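Please consult the sequence and the structure below while reading.

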Amino acid sequence: MLFDYKLRNFNIRLLIYVLALCVIGVLVIRSAAAGSMEDSRVIRQMAGIGVGTLAALILSLIDYHRILNISVVIYLGCVGLLAWVLMNGVLRGGATRWVVLPVIGQVQPSEFTKIGLIIFFAWFFDKYQEQINRLPVLGMAAVLFGVPILLILAEPNLSTSLIIIMMFAAMIFAAGLSYKWIFGVLAVLTPLAGIFIYLLQYEMIPFLRGYQAQRILSFINPGQYQDANRQQDNSVMAIGSGQLWGKGLNNTTIASVKNGNFLSEESTDFIFAIIGEELGFAGSMVTIGLFLLIVYECLWMARQAKDLSGKIICTGVAALIGFQSFSNIAVATKLFPNTGLPLPFVSYGVSSLLSMFVGIGLVLNVGLQRKNTHN
């Protein structure tokens with residue numbers, strides 16, 4: 001039977017919040033493109049929203065257990081694509097993160113790997129839920145998780161790797177990991193963090209490139225690396241200049257971030273700077289509020305899920321959107337070191353946009369099959 005759940009349980013609120021963020025994204029990307037609706041970035045983003053919404057609606061109606069049945073194939077496909085990136089990827093900005101697919105064009109496999117790993121580990125933790133705290137199972141999970149992470153680090157793509165690690169931590173916690181393991185890991189990582197920072201100053205961290213190490217060091221000691229902080233300083237200045245209501249979309253002020261060329265990647269990594277400048281504090285709070293509502297809805301559906309695999313899917317998507325949006329905004333406001341992360345549903349980038357919509361589609365499906373069908 002294709003539909004063994006009630007469509008009245010469809011969480012329309014979640015979809016509305018997501019589409020509201022997408023509208024903000026299109027408006028700000030259009031503003032960054034000097035108000036042109038014909039700009040290729042605006043057209044591609046709108047097409048991505050249309051395709052993504054359709055994909056989310058279709059996935060919401062396909063029983064997620066059917067997808068979990070092919071989770072091993074999905075995992076192998078993600079690893080294969082990541083390996084292909086390293087062997088035959090497109091080099092851009094000193095990193096190899098994209099591959100060219102027939103008809104589709106350039107895609108970033110690491111974005112879809114995020115969702116692929118959520119699906120795979122939802123299946124894995126559900127299968128081994130009674131043995132989740134046993135060392136052999138944790139060791140197997142660590143190895144299976146480590147393979148794609150190492151491939152992503154090799155691109156190099158440290159920021160995406162960190163987001164996936166946080167996402168994985170949230171999923172394994174939701175799977176029932178004992179606090180003994182959690183406190184044990186924290187006891188080991190705390191002194192290692194100090195050693196990491198010490199070795200970083202002497203460029204002795206093997207998996208970090210020079211520019212990555214400099215970004216972290218400039219955050220720790222901004223006075224010594226003023227040039228490395230210039231982009232974030234300009235971002236903070238732009239956000240502050242928006243004051244309460246902002247300067248307005250499509251403004252032509254030469255002092256703005258998009259017209260004065262104070263920032264690079266203003267429609268992707270630093271799009272929140274444009275939101276702050278043009279929509280002001282009010283627009284920034286609306287954007288942050290929408291992210292909070294999306295994360296809340298995902299976690300609420302995780303609580304209502306009828307099994308562990310559904311709970312982990314919702315938790316994984318909530319953690320992905322929550323951590324990535326927080327990290328992007330934290331970089332734009334200089335709370336985090338400079339990284340290259342898109343703002344979910346807002347930044348320009350079709351790969352990121354489609355992968356997030358796939359995640360939302362899975363969450364909507366879990367919500368349709370929640371254990372409490374009377375609410």
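## Basis and terms

Helices (H or I, at least four residues) and strands (E, at least two) are DSSP runs, numbered from the N terminus. The model is predicted, so local features need pLDDT of at least 70 and side-chain atom pairs count only at pLDDT 80 or more, while totals for chains, interfaces and linings use all residues. Residues are numbered from 1 along each chain as its sequence is written, and side-chain values use heavy atoms, with hydrogens and water left out.

## Helix α4

Helix α4 spans residues 71–88, a run of 18 residues. From first to last C-alpha it reaches 25 Å, close to the 26 Å expected at 1.5 Å a residue, where the expected span is 1.5 Å times one less than the number of residues.

The buried residues (under 20% relative accessible area, 1.4 Å probe, protein chains only) of α4 are S71, Y75, C78, V79, L82 and V85. Viewed down the axis of α4, they fall within an arc of 110 degrees, so they line one face of the helix; the arc is that of the directions from the helix axis to the C-beta atoms. On the face turned away from this buried side, α4 carries V73, L76, M87 and N88, which are exposed (over 50%). The cover over the buried residues of α4 includes α3 (64–68), β2 (95–101), α5 (109–127) and α6 (135–153), contact being heavy atoms within 4.5 Å.
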